[in-house]
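Morning, everyone. Short talk today, one structure. Have a look at it first, then I'll walk you through some side chains.

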Amino acid sequence: MPTTTKDALAAALGADNVRDGAEPDEVCGVRPQWVATVDSTERASAAMKVAAEHGLRVVPKGSGSKLDWGAAPTAVDLLLDVSAATGIVEHAAGDLVVHALAGTPIAEVGKTVRAAGQQLAIDQPLPTATVGGVVATGTSGPCRHLFGGVRDLLIGITVVRADGTVTTAGGKVVKNVAGYDIGKLYTGSFGTLGVITEAVFRLHPVAAEHRWISATTTDPATAGALADEIRHSQAVPTAIELDRPRPDGPITVCAQLEGRPTATHDRAAELAAALGHGARVLEQAPEWWGSHPFEPAGTGVRVAAEPAKLPHLLAAVQDAADGLPVTTRGAAGLGVLHAGLPADTEPAAVAALVTALRARCEYAVVERAPRAVLAEIDPWGPVAPGLLTLMRRTKDQFDPEHRLAPGRFVGGI
């Protein structure tokens, strides 16, 4: 009979799949006592049943590419590694649907469906990002402008609850949700409501041709006008992105168009002519397209406002920078931008920047930052009391003992 928690985990999962935590396993500086590797929903359920029996605090992990995003957990007893749960369960090309295990890299899913002339429109700047990690953090790329974000593309999900119960929501076809779409609740929850083990996504056909229209200005108001003109045009852009390498530097607004051969180029040429400001048609995306404006060890801050207030966002970042080397990039067409800072930026200066942005923007969330920065400021920032109360009640329902990624999410949830 098992006599220790580690023995119990080994008995459930096999001794080779359980080990002591080490420095590389740390979550925002918090080291887990143990790491358990699982390769299926059933194995994840077995691990969570042991965790429930022994009162273990659990943080799920995929490739680890976003493990240092969000707030540091208050404690981690068990790091549940689902990176071995890989593979495409089903690709129903005729229904434009793909079902994958949580540890599967998004890039692998994309490669599989592209062979059938389809795409999963979750373009990720991190090449190792996995299905589960992308859903847990709710991160999308430029194509969100036309195709929607993760929660719009997710039509089915399998999750292991804190007590080891396996739950499934949604299904295998696009029009399958009756009542509350619980998959949206798990999207962006940072592992605080359950361990995501499988996901079903809707797909879209791959266009035959892509073109990009790029225009550069030094004026935030002009950049906003360019983005608005593209957004309201009949060109139907797939994405409208923006790049500003320094706070007072040139602003490049770039739109992606896609569709049939020749016709897409013609639409791009017409749009470029209408925009003026030296707009030109590109056959390849700019080098910065779809990438984060911060290095893996740097600080990334996400700010947002209504799309029409894009000039206000740009001005807010410029004013708050106060001499810091801030790079700004993001979805100009959606009013969501990312401000990036080098890893060696003084933590107090980063905290001052975030505080200034929170005073001027609808929200400013620290996506990831060095530990010294996280010690200076809450990455999530203030939340409306009514909303926070609702979120805490949801946490109480899904994880009554608060053992799943404790402290990782908004308000210390």
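I'll cover aromatic pairs, then one glutamate, then the cysteines.

Ground rules. This is a predicted model, where local features need pLDDT of at least 70, side-chain atom pairs count only at pLDDT 80 or more, and totals for chains, interfaces and linings use all residues. Residues are numbered from 1 along each chain as its sequence is written, and side-chain values use heavy atoms, with hydrogens and water left out.

Aromatics, then. How is a pair of rings described? By the distance of the centres and the angle of the planes. Rings of Phe, Tyr and Trp (its six-membered ring) pair if their centres lie within 6.5 Å; planes under 30 degrees apart are stacked, over 60 edge-to-face, the rest tilted. The whole structure gives 6 such pairs.

Take Trp69 and Phe294. Their ring centres are 6.5 Å apart and the planes sit at 55°, so this pair is tilted. Trp69 is in the loop between β3 (58-61) and β4 (78-81), Phe294 in the loop between β15 (280-282) and β16 (299-304), so the pair ties together parts 225 residues apart in sequence. Strands here are DSSP runs of E, at least two residues; helices are runs of H or I, at least four; both are numbered from the N terminus. Trp69 and Phe294 are both buried. Buried means under 20% relative accessible area, with a 1.4 Å probe and protein chains only.

Next, Tyr186 and Phe398. Centres 5.7 Å apart, planes at 85°, so edge-to-face. Tyr186 belongs to helix α7 (residues 183-186) and Phe398 to helix α13 (residues 385-398), so parts 212 residues apart in sequence are tied together. Tyr186 has 2% relative accessibility, so it counts as buried. Phe398, at 12%, counts as buried as well.

There is also an aromatic cluster: Phe190, Trp380 and Phe409.

Now Glu26. Where is it? In the loop between β1 (18-20) and β2 (34-37). At 15% relative accessibility, Glu26 counts as buried. Its side chain makes a 3.2 Å polar contact with that of Arg31. That term means N or O atoms within 3.5 Å; within protein, one must be able to donate a hydrogen and the other to accept it, and residues adjacent in sequence count only if both atoms are side-chain atoms.

Last, cysteines. How many disulfides does the structure hold? 0, taking a disulfide as two cysteine sulfurs within 2.5 Å. For Cys254, the nearest cysteine sulfur is that of Cys143, 12 Å away. Cys254 has 0% relative accessibility, so it counts as buried. Cys361 counts as buried too, at 9%.

That's it. Questions, please.

Terms used
Buried < 20%, exposed > 50% of the residue type's maximum accessible area, 1.4 Å probe, protein only.
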